[in-house]
Amino acid sequence: YTAHECLLLPYEQALTREDSTTGKYYDCSAHMLWVGERTRELDGAHLEFVKGIGNPLGVKISDKCTPDELLRIIDNMNPNNIPGRLTIIVRMGAEKLRKNLPGLIRAVQREGKSVLWISDPVHGNTFKTETGYKTRDFNAIRDELRAFFDVHDEMGSHPGGVHLEMTGEDVTECTGGLSGVTEDTLKDRYHTFCDPRLNGEQALELAFLIAERMRQRTGLPPLE
């Protein structure tokens with residue numbers, strides 16, 4: 001399955017088709033589309049567009065989103081409260097997540113809204129080095145993921161997934177982790193033209209940490 005941000009509306013509109021058997025409209029550019037943190041205005045064109053398509057949808061949420069605003073976004077994007085229709089993609093940074101996510105989850109639980117919670121631990125942890133490289137630190141990404149799992153454990157809710165920017169290639173775009181990338185070695189294989197990606201070793205390390213946490217949640221013994 002494929003997913004991407006619903007950003008360029010003329011592109012998305014051009015690839016939207018009517019299903020001849022149901023009469024519903026689907027955006028055929030991807031299976032799932034999400035609306036970004038910067039384009040999720042309640043009276044904006046992006047939310048208006050996704051209301052009219054039958055695809056599974058997502059929305060990026062930062063610490064700027066209040067519980068009341070989140071509920072209005074949910075009502076806008078999934079007015080019939082269809083399970084599986086809407087995913088909340090959380091991007092805040094570890095400290096802000098621990099402070100703000102419980103209130104958002106509490107509001108969703110109180111109103112009986114059906115959503116899937118996903119962590120995006122990369123976009124809230126981007127910074128620029130003194131030498132001008134845009135990067136992310138592995139430890140900060142790991143800490144946000146831990147905070148995400150901790151809060152869901154406390155709230156009795158389910159951490160439903162993780163959204164990462166990564167590549168299997170041996171790039172040096174994000175610092176930290178067992179791969180040993182530092183700010184001084186970013187220049188060695190910094191290939192991205194946009195956002196910095198976890199390399200294959202960093203992504204695999206993170207995957208094992210997530211798997212260990214999932215085993216812990218289900219009562220399974222730790223991996224040897």
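Contact here means heavy atoms within 4.5 Å, and helices (H or I, at least four residues) and strands (E, at least two) are DSSP runs, numbered from the N terminus. You are looking at a predicted model, in which local features need pLDDT of at least 70, side-chain atom pairs count only at pLDDT 80 or more, and totals for chains, interfaces and linings use all residues. Residues are numbered from 1 along each chain as its sequence is written, and side-chain values use heavy atoms, with hydrogens and water left out.

Let's start with the sheet. It is open, and its 6 strands follow the order S1-S4-S5-S6-S7-S10 with parallel pairing; two strands pair if DSSP finds at least two bridges between them. S1 and strand S10 (159-162) stand at the edges with a single partner strand each, so one side of each has no neighbour in the sheet. On average, neighbouring strands of this sheet are turned by 30° against each other, direction ignored. (Axes are lines fitted to C-alpha atoms, for helices over the stretch in contact, and angles run from 0 to 180 degrees between N-to-C directions.)

Within the sheet, strand S4 (residues 32-35) pairs with strand S5 (residues 57-61) in the parallel sense over 3 bridges. Follow Val-35 across and you reach Val-59, its bridge partner in S5. Helix H4 (residues 94-111) lies across S5, strand S6 (86-90) and strand S7 (116-119), and runs at about 170° to S7.

Now step back to the segment before strand S1 (3-5), where Thr-2 is found. Thr-2 and His-31 are 29 residues apart in sequence, yet 5.5 Å apart in space, C-alpha to C-alpha. Leaving aside residues up to four places away in sequence, Thr-2 touches Ala-30, His-31 and Met-32.

Finally, visit helix H6 (residues 200-217). Asn-199 caps its N-terminal end, with a side-chain oxygen 3.2 Å from the backbone nitrogen of Glu-201; a polar contact is a pair of N or O atoms within 3.5 Å, and within protein one must be able to donate a hydrogen and the other to accept it, while residues adjacent in sequence count only if both atoms are side-chain atoms. The buried residues of H6 are Gln-202, Ala-203, Glu-205, Leu-206, Ile-210 and Arg-213 (buried means under 20% relative accessible area, exposed over 50%, partly exposed in between, with a 1.4 Å probe and protein chains only). Seen down the axis of H6, these buried residues fall within an arc of 160°, so they line one face of the helix; the arc is that of the directions from the helix axis to the C-beta atoms. Their cover includes helix H5 (138-155) and S10, whereas Leu-204 and Phe-208 are exposed on the other side of H6.
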